[in-house]
Each structure stands twice: as structure tokens, then as C-alpha cells.
Amino acid sequence: MKKKGLWLSLALTFSLALAGCNSDSNSASNNNNKEDQGGSKGHEKLEIFSWWTGAGEEDGLKALIKLFQEKYPDIPVENAAVAGGAGTNAKAVLASRMQGNDPPATFQVHGGAELNEGWVAAGKMEPLNDLYEKEGWMDKFPKSLIDMVSKDGKIYSVPVNIHRGNVLWYNKKIFAENGLQPPKTFDEFFQVAEKLKAKGITPLALGDKEPWTATHIFETVLLGTLGTEDYKKLWTGELSFDDPKVKEAVNTFKKMLNYVNEDHSSRNWQDAAQLVGKGEAAMNIMGDWVKGYFVNDLKLKVNEDFGYVPTPNTEGKFMVITDTFGLPKGVKNPEDVKKFLSVLGSVEGQDTFNPLKGSIPARIDADLSKYDEYGKQTIQDFKTAELAPSLAHGSAAPEGFVTKVNQAVNIFVTQKDAKTFIDTLVSASSELKK
């Protein structure tokens, strides 16, 4: 593809794309809330670009910036977070700036296709192999994770966290009062949902004001129906989207939508999670940034007010979402950027950020004492589970495909036309590498 065509495609898809680990769509932009620390002459301002402005994520980012400023007080920092549902606004701004050769010092990007088929393929990122070697990181991050931020043998970003996408959160009180156990299979899910619905309780909270949240549920159904290996084959073209198992997953997803709140289209992910946190709905399928929201914002207690299990049929599987930061080409302060990345990738940096974010550290040698019961369990699960890349959050497939899937899911949630949905997925899969 010629560079001009590539940039037009990137600008379009990044402006439309939706991603996880998401900011509150009602949050005010942080652009007027600078994290400046008066610096000495000779240092450019270190502009850290993300969409972390919501509960938990903003706390984690600010703590990470504070840690960096304690170590490097002479380097001025700007928290250039851009608010907007699921990073939509941030990605549009980033695409415009990158196209105009005005990159931020470093920016949030998901490991996997979003990084490698987007910015790396466009020739806009510097490799970081030297930083990994200098910091001794090659055996401190799992190889599978390093592979997610690498292309053609070169490493292009530093993971700050791991989120698990396939989590079903539930209100402990509702389940206890109704004598229910959290569902581990699809059959159990529908049995529980029927019992809750019969008692006038919303079984499944959904907030798909931004359609990525419904895509998030769909990807967990795909994983639970296909298994890890066949799920991965979807993204390489080895398995077609009109495969009988995919059709089965679509019909299961369709059935699940019969149990969601009627006002789902007017809510974002926090609003949906809040329904569960406040006892107005029983379950929510979402990544573990929800835990950060429950604990930090709603002041709920793990395994007292809310519980968690893997989404139906995905026990022993781990839908991986990783937020990473890299070094864009053309920045004026590459050495300062590397200093920030070194802090971000350190044990101290990861253990400062992740307990607040709700995620677990990307490093394998983190201090377990810093994490709550959920964090400890998830750290262990990550070591032993079958890992699967997230579609909804940019790791499994290129942005162009993710955007088309989000659009198709948005229509499907309303119309529930399985044949049209599958036909659209088949057509959109031309975006995938064969």
C-alpha cells in the first residue's frame, strides 16, 4: 500500500476505532490539567498521550507520572490524556498528529495488531531492543507478551499492564439472596438468567453507547465456543466466519442479548458496571478495569460486594489486553522518553500503576503483596492459562476490521439478524492477513 493511502486508512480507522481499558465518555479532557513540573533548560516537555481519564485508570497514570517526576525532577511532564468514549477521540487526535509529523513523546497503544499493523507498519515507531537489553527485560516479560509488541524481530513498545477480558462480574448479594451460583457454562448462564428475569432482576448489564462493549461480550462467546486454538485461527484466515462454530457463537450471543437492560444503548461501560455494583443488575461481562472502577470509584470490596468468574466456557483461558507505550519516530527528546519507559517497565513502576488501574503487572517478578485477592489470583491464572488476543481491544486484528465488526455488532444488537451479521463478518474478514 502506498504511504498516502495507508495514512488515509489509518486516520479513518483510528478516528473510528474503539478500544478497551477505557475512559469515561463523560469525563472532561485532561488537556487543561497539566502535570507540569517546571524543568531545567535543555529538556523538552515529556508529553504522555493516552485516553486514561476515568476512575482507576487516571489514578494509576497520575501515580506513575508522580513516580517518574520523583526520579527525574528536571524533566517537565505533561499528562496529555484525551477524554472520550473508549479512546475514540484520543485515537483521532493521535492519527492527525502522527500524520502531521507532530508525535507526542509517547502514547498508549495496545500490543498486537493495533501496534504492529498500525504504527509499526506505517514506519512511525523506533525499535527498543537496546532499552530491553539495557534494562535486562528479556526474561522479565513473558515471551508471548514480548511477541505481541514485536515485528520482524524488533521490539517496539513496553507493556505497562495485563488486563483480562473474559471476566463475568456479579453482585454477591443478589446471588446469595436468590440461592444462585455464578455460571461457568453457557447452559448455566441461561438457567441463572431465567431465574433472575422471573424475579424482575436484570440478569446482564450492558452499556453499548460505544459498541465495543457488545463486541467485548461477543469475543468472549467466540472464545468459549471455539476454544483458544480455533479462536486464534479466525485472525489468520484459517477458520472462516461462516464456520458452524461461529454461527453457534452468534446464536448464543443473540440469546444472551435477551437478558440485558433496556436502556443499554444510552449507557457506557461504567454505567453498566454501576448497575451491578448498586444491585440493580446481577451480572456484567467486561475486562478487569471494572475492578478498578468498583474499588476506587464505588468503594466496593472484592469478594464481599462483588464476585468474579471467567466468562462462560472460558475457564483456563485468558483474553489478553495489554496497554503499552513506545518511542515514536521524530520526537525531540528520545532519551527522556526512554527514561520514562524505563520507569514504566520497572517493578516499582508496574506496582505503582496496576493496583490502582485494576490490572496486573506485565512483569513476572512483581511484588504480590501490592495486589488484592483478585490481583493475586489473576497473576497466577496468567502464568498457567491459555492466552488469547482480544478482538475488541485491538490485539487480534487490524483496526479496519475491528471498526467494521463494531459497526456490525451495533446493528446486530438492535436487529438480531444472525445471517446478515455473519455475512458482514465474512465480508469484513478481507481486512485480515491470509
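Colleague: Which residue with a positive phi follows α13?
Modeller: In this predicted model, helix α13 spans residues 289-297. The residue with a positive phi that follows α13 has its phi near 60°. That residue is Lys299.

Colleague: How many of the nine residues of helix α13 are buried?
Modeller: Helix α13 is mostly covered. Its buried residues are Trp289, Val290, Lys291, Gly292, Tyr293, Phe294 and Asn296. Of the nine residues of α13, the number buried is seven.

Colleague: What is the value of phi at Asn101, and where does this residue lie?
Modeller: Most residues other than glycine have a negative phi. Asn101 has a positive value although it is a residue other than glycine, and at 59% relative accessibility it counts as exposed. Asn101 is placed in the loop between α3 (88-99) and β3. Its phi is near 55°.

Colleague: Is Asp152 buried or exposed?
Modeller: Asp152 lies in the loop between β5 (150-151) and β6 (154-155). Its phi is positive, about 55°, although Asp152 is not a glycine. The relative accessible area of Asp152 is 74%, and the residue is therefore exposed.

Colleague: Why is strand β3 largely enclosed by the rest of the structure?
Modeller: Strand β3 covers residues 106-110. Thr106, Gln108 and His110 point one way from the strand, while Phe107 and Val109 point the other way, and all are buried. Strand β3 is largely enclosed because the number of its five residues that are buried is five.

Colleague: Which residue of β3 is the bridge partner of Phe49?
Modeller: Strand β1 (residues 46-49) pairs with β3 in the parallel sense, over two bridges. Within β3, the bridge partner of Phe49 is Phe107.

Colleague: Which residue of β14 is the bridge partner of Gln108?
Modeller: Strand β14 consists of residues 323-328, and its pairing with β3 is antiparallel, over three bridges. Gln108 points from β3 in one direction together with Thr106 and His110. In β14, the bridge partner of Gln108 is Phe325.

Colleague: Which residues does Leu368 touch, not counting residues up to four places away in sequence?
Modeller: Leu368 lies in the loop between α15 and α16, and at 36% relative accessibility it counts as partly exposed. Its C-alpha is 8.8 Å from that of Asp351, although the two residues are 17 apart in sequence. Beyond four places away in sequence, Leu368 touches Lys376 and Ile379.

Colleague: How are helices α2 and α15 oriented to each other?
Modeller: The axes of α2 (residues 57-71) and α15 (residues 347-357) come within 7 Å and cross at roughly 160°. The crossing is right-handed. Angles over 145 degrees count as roughly antiparallel. The two helices α2 and α15 are therefore roughly antiparallel.

Colleague: Which residues of α15 make the contact with α2?
Modeller: From α2, the contact involves Glu57, Asp59, Gly60, Leu61, Ala63, Leu64, Leu67 and Lys71. By class, the contact of α2 with α15 has six nonpolar, three polar and five charged residues. The residues of α15 are Glu348, Gly349, Thr352, Phe353, Leu356 and Lys357.

Colleague: Which residues of α18 make the contact with α11?
Modeller: The axes of α11 (residues 244-256) and α18 (residues 418-428) come within 10 Å and cross at roughly 130°, which makes α11 oblique to α18. The crossing is right-handed. Helix α11 contributes Lys247, Val250 and Asn251 to the contact. The residues of α18 are Ala418, Phe421 and Ile422.

Methods: Residues are numbered from 1 along each chain as its sequence is written. This is a predicted model: local features need pLDDT of at least 70, side-chain atom pairs count only at pLDDT 80 or more; totals for chains, interfaces and linings use all residues. Side-chain values use heavy atoms; hydrogens and water are left out. Axes are lines fitted to C-alpha atoms, for helices over the stretch in contact, and angles run from 0 to 180 degrees between N-to-C directions. Helices (H or I, at least four residues) and strands (E, at least two) are DSSP runs, numbered from the N terminus. Angles under 35 degrees count as roughly parallel, over 145 as roughly antiparallel, 65 to 115 as roughly perpendicular and the rest as oblique. A crossing is left-handed if the near helix is turned anticlockwise from the far one by less than a right angle, and right-handed if clockwise. Contact means heavy atoms within 4.5 Å. Ala, Val, Leu, Ile, Met, Phe, Trp, Tyr, Cys and Pro count as nonpolar, Asp, Glu, Lys and Arg as charged, and the others, Gly among them, as polar. Buried means under 20% relative accessible area, exposed over 50%, partly exposed in between (1.4 Å probe, protein chains only). Two strands pair if DSSP finds at least two bridges between them.
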